[in-house]
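Here are a few notes to read alongside the structure. Take them one at a time, and keep the picture open as you go.

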Amino acid sequence: METPVYKFEPHDYDTVYEPAEDTFLLLDALEEELDAIAARKPSLCVEIGPGSGVVLVALSKHLPVAQTHCIGFDINPNACRMTQKTSRLNGAPVDVVNMDLLAGLRPACIDLLVFNPPYVPTQQTTVSLEEHIDEFNSSKEGQTLVHSWAGGADGRVVTDRVLTDLHRILAPDGLFYLLLLKENKPEEVLKQLNESHFRGSIIKERRIRGEHLYVLRIERSERSTK
C-alpha cells in the first residue's frame, strides 16, 4: 500500500503533523491486513485525527468506493484542510469533519476504525482537547502541533477516551487498529480490553529512534454475522 501523494506548504509544518515513522508503520500494518479488512466488507471507515490524511486516503484507494465510506474526524481545522487536499491530490474520495473524537456518531456504526493518537507521555493533565479549541482556530504559529503528540499521563489521556467509547461506537463485526508506544503499556491496554469483552493482539511493532511502537488489532469478543 503505497504512501499517497501529499504536499505541505511552509506554514503547514507549524500546525499539522507531518507523516513520520509511526505513520508508515501503521500503513505497513494496514497493508498486511487488507484481505482481513476486505473480508468484513466495511461500510464505514473512520480515522480519528487523520492529520495529513495519508492513512485514510491510502485506505480509500484500496477499499471499494461503492461499498466503503471513508471519513476522518479531527479537532484541528488545519488538519481537516490538509486531509481534504491529500484526498484531491490522489483522487480518492474522503470526507472530513472538524470534531473532537467520536461523540457525534450513532452507536455501533463504525466498521473500520483507525487511530494514531497523541502517545508521548507528558505532564499535561487535560482530558479533552475541547479546552484548546481556540488555539486550533488561532493563527499563532507552532502552538497547536503539540496536541498531535502530547499524550498526558502514560501517553494515554486521549487514547483512553476512545477506548471508553469503543463499546458504543464499534460495529458488531468492526475492526479497530490502534498505534501505541511501549510507554503506553500496550499489554495493559489489551488486558483491559479483554475485561471489557474485546479481544486484541499486537500485529506489528518497530523500534525507531529511541521509540518502540506497536500496532494493535482489536475487535469484539463475540462477532456477529453480516
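1. Let's begin with a pair of helices: how close do the axes of H3 and helix H4 (residues 77-90) come, and at what angle do they cross? In this predicted model, the two axes come within 9 Å, and the crossing angle is roughly 35°. The crossing of H3 and H4 is right-handed. On the H3 side, the contact is made by Val54, Val57 and Lys61, and on the H4 side by Thr86, Ser87 and Asn90. Sorted by class, these residues are 2 nonpolar, 3 polar and 1 charged.

2. Now look at H3 (residues 54-62) with another helix, H1 (residues 21-32). The axes of H1 and H3 lie 10 Å apart, and the packing angle is about 20°. Angles under 35 degrees count as roughly parallel, and H1 and H3 are therefore described that way. H1 also passes H3 in a right-handed crossing. Thr23, Leu26, Leu27 and Leu30 of H1 meet Val54, Val55, Ala58 and Leu59 of H3. This contact has 7 nonpolar residues, 1 polar residue and no charged ones. Notice Val54: this residue takes part in the contact with H1 and in the contact with H4.

3. Next, the sheet. Which order do its strands follow? The sheet is open and has 7 strands, running E3-E2-E1-E4-E5-E7-E6, with mixed pairing. Strand E3 (95-98) and E6 are at the edges; each has a single partner strand, so one side of each is left without a neighbour in the sheet. On average, neighbouring strands are turned by 15° against each other, ignoring direction.

4. You can see both kinds of pairing for yourself. Strand E1 (residues 44-48) pairs with strand E2 (residues 69-74) in the parallel sense, over 5 bridges. Within that pair, Val46 has Ile71 of E2 as its bridge partner. Strand E6 (residues 198-208) and strand E7 (residues 211-220), in contrast, pair in the antiparallel sense over 10 bridges. Here Ser201 stands opposite Arg217 in E7. E6 and E7 form a hairpin with 2 residues between them, and Arg209 in the turn has a positive phi of about 40°.

5. Which helices pack on the sheet? H1 is one of them, touching strand E4 (110-115), strand E5 (170-181), E6 and E7. The direction of H1 makes about 130° with that of E6. Helix H6 (residues 157-169) also packs on the sheet, where H6 touches E1, E4, E5, E6 and E7. The direction of H6 makes about 170° with that of E5.

6. Finally, a word on confidence. The protein chain has a mean pLDDT of 88, and 85% of its residues reach 70 or more. Over residues 125-143, however, the pLDDT is below 50. Beyond near neighbours in sequence, that stretch has 29 contacts in the model. Where pLDDT is low, the predicted coordinates should not be read in detail.

Definitions and conventions
Residues are numbered from 1 along each chain as its sequence is written. This is a predicted model: local features need pLDDT of at least 70, side-chain atom pairs count only at pLDDT 80 or more; totals for chains, interfaces and linings use all residues. Side-chain values use heavy atoms; hydrogens and water are left out. Two strands pair if DSSP finds at least two bridges between them. Helices (H or I, at least four residues) and strands (E, at least two) are DSSP runs, numbered from the N terminus. Axes are lines fitted to C-alpha atoms, for helices over the stretch in contact, and angles run from 0 to 180 degrees between N-to-C directions. Angles under 35 degrees count as roughly parallel, over 145 as roughly antiparallel, 65 to 115 as roughly perpendicular and the rest as oblique. A crossing is left-handed if the near helix is turned anticlockwise from the far one by less than a right angle, and right-handed if clockwise. Contact means heavy atoms within 4.5 Å. Ala, Val, Leu, Ile, Met, Phe, Trp, Tyr, Cys and Pro count as nonpolar, Asp, Glu, Lys and Arg as charged, and the others, Gly among them, as polar. pLDDT is the predictor's confidence in each residue, from 0 to 100.
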